[in-house]
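Hi everyone, thanks for coming.

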Amino acid sequence: MANEKRYRFLKKTVPREGKIAVSLAGISALLMVLGAFISFLQGGNAGAPVGALGLMALALSGYGFHVGLNALQKSAGTSSRITIMGTLAAGVVTVIWLGIFFIGLRG
């Protein structure tokens, strides 16, 4: 048996900003599903409430992307896997929201 006092394995911690990026991307995606459900229930006639919901969700996902990028710049000695996943998820959700808004403005 190895002496446990002799070996030290440093566990890398997940930065708080990475967790924030993941949660904001998840909240924004849930708001997207909620907006689609509200629009379905109203028969496509819920433009203003769904638009306000979408604008708030776009801001949340954009902020999550920004926080994730800042966390990646400062990631010294921390695990960056969750931060990368959160930043990518927030970026993808932001691009989807921008696409939805631009399609809505065009049509």
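Helices here are DSSP runs of H or I with at least four residues, numbered from the N terminus. Now, this is a predicted model, where local features need pLDDT of at least 70, side-chain atom pairs count only at pLDDT 80 or more, and totals for chains, interfaces and linings use all residues. Residues are numbered from 1 along each chain as its sequence is written, and side-chain values use heavy atoms, leaving out hydrogens and water.

So, α1 and α3: α1 passes α3 in a left-handed crossing. Helix α1, residues 16-41, packs on α3 at an angle of about 30°, and their axes are 8 Å apart. (Axes are lines fitted to C-alpha atoms over the stretch in contact, with angles from 0 to 180 degrees between N-to-C directions.) Under 35 degrees counts as roughly parallel, so that's what α1 and α3 are.

Next, the largest nonpolar core: L31, L53, A57, L58, V93 and W97. Such a core is a set of buried Ala, Val, Leu, Ile, Met, Phe, Trp, Tyr and Cys residues joined through side-chain atoms within 4.5 Å; buried means under 20% relative accessible area with a 1.4 Å probe, protein chains only. α2 gives the most, three residues.

And what about S61? S61 sits in α2 and is buried, at 0% relative accessible area. Beyond four places in sequence, S61 is in contact (heavy atoms within 4.5 Å) with S28, A90, V93, T94 and W97.

Note on methods. Buried < 20%, exposed > 50% of the residue type's maximum accessible area, 1.4 Å probe, protein only. Helix = DSSP H or I, 4+ residues; strand = E, 2+ residues; numbered from the N terminus. Parallel < 35°, antiparallel > 145°, perpendicular 65-115°, else oblique. Left-handed = near helix turned anticlockwise from the far one by under 90°.
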